Amino acid sequence: MSETAAPTRLSPGDPAPDLTLGDDTGATVSLADLRGRKVIVYFYPAAMTPGCTKQACDFTDSLESLRASGYEVLGVSPDKPAKLASFRERDGLGITLLSDPDKSAMAAWGTFGEKKMYGKIVQGVIRSTFVVDEQGTIELAQYNVKATGHVAKLRRDLGLDA
């Protein structure tokens, strides 16, 4: 993929691309190992920034009820595992944080490319959220989501809040 090409976007019904990355503890986590469970995979630009912290804390606050509804949560950023470990420690995060420093998973999921930031077009991580069903198929694909209020909206979209 060239640096200026628009990323290929995923849609409901598409097979979820392979996702095997290291987490903040150095362990390897693979989406394939979670078959049989629903998985929320979200991509965010950078650990310990205000919006990304808000989003990670919101997912952590909802984690117990999400798991009770059959969902696991994976957060993916280009940060190195040591920074993710600091992020987890600093903010008491309970979600699984994955490191994608070469952005290969982001390229496969269409979450790295041109985006508008402060009125300028830049290359970067496109804040996005996906729900992968038990068979490994994309059930929901949301690109350019807002950090604040996103988890509450996602819960409504999934029918988890009456």
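Q: Buried means under 20% relative accessible area, exposed over 50%, and partly exposed in between (1.4 Å probe, protein chains only). What makes both faces of strand E5 (residues 96-99) count as covered?
A: A quick note: this is a predicted model, where local features need pLDDT of at least 70 and side-chain atom pairs count only at pLDDT 80 or more, while totals for chains, interfaces and linings use all residues. Residues are numbered from 1 along each chain as its sequence is written, and side-chain values use heavy atoms, with hydrogens and water left out. Now for E5: Thr96 and Leu98 on one side are buried, and so are Leu97 and Ser99 on the other. Strands (E, at least two residues) and helices (H or I, at least four) are DSSP runs, numbered from the N terminus.

Q: How do you know that E5 pairs with strands E1 and E4?
A: Pairing takes at least two bridges found by DSSP between two strands. Strand E1 (residues 20-23) has two bridges to E5 and runs antiparallel to it, so that pair meets the rule. Strand E4 (residues 71-77) has four bridges to E5, in the parallel sense. Leu98 of E5 is the bridge partner of Asp23 and of Val76.

Q: How many aromatic pairs are there, and why is Trp109 with Phe130 called edge-to-face?
A: Rings of Phe, Tyr and Trp (its six-membered ring) pair if their centres lie within 6.5 Å; planes under 30 degrees apart are stacked, over 60 edge-to-face, and the rest tilted. The count comes to seven. Trp109 and Phe130 have ring centres 5.0 Å apart and planes at 65°, so they pass as edge-to-face. Trp109 is in helix H3 (residues 104-109) and Phe130 in strand E8 (residues 128-132), so this pair ties together parts 21 residues apart in sequence. Both residues are buried.

Q: What makes Phe130 and Tyr143 an edge-to-face pair?
A: Their centres are 5.3 Å apart and their planes 85° apart, which is edge-to-face. Tyr143 sits in strand E9 (residues 138-143) and Phe130 in E8, so the contact links parts 13 residues apart in sequence. Phe130 and Tyr143 are both buried. Elsewhere, Tyr42, Tyr44, Phe59 and Phe87 make up one aromatic cluster.

Q: How do you know that the charged end of Arg9 sits over the ring of Tyr143?
A: The rule wants NZ of Lys or CZ of Arg within 6 Å of the ring centre and within 35 degrees of the ring normal. The charged end of Arg9 is 4.2 Å from the centre of the Tyr143 ring and sits over it.

Q: Why are Lys103 and Asn144 called partly exposed?
A: Lys103 has a relative accessible area of 27%, so it falls in the in-between class. Asn144, at 47%, lands there too. Lys103 is in the loop between E5 and H3, with phi near 60°, a positive value in a residue other than glycine. Asn144 is in the loop between E9 and helix H4 (150-157), with phi near 55°, also positive.

Q: Which residues line the largest pocket, and how does the lining divide by class?
A: Among them are Pro45, Lys115, Met117, Tyr118, Arg127 and Asn144. By class there are six nonpolar, one polar and four charged residues; Ala, Val, Leu, Ile, Met, Phe, Trp, Tyr, Cys and Pro count as nonpolar, Asp, Glu, Lys and Arg as charged, and the others, Gly among them, as polar. Strand E6 (residues 112-117) gives the largest share of the lining, three residues.

Notes. 1 Å grid on protein atoms, 1.4 Å probe; cavity = no way out; pocket = protein on both sides within 12 Å on 5 of 7 lines; lining within 4 Å.
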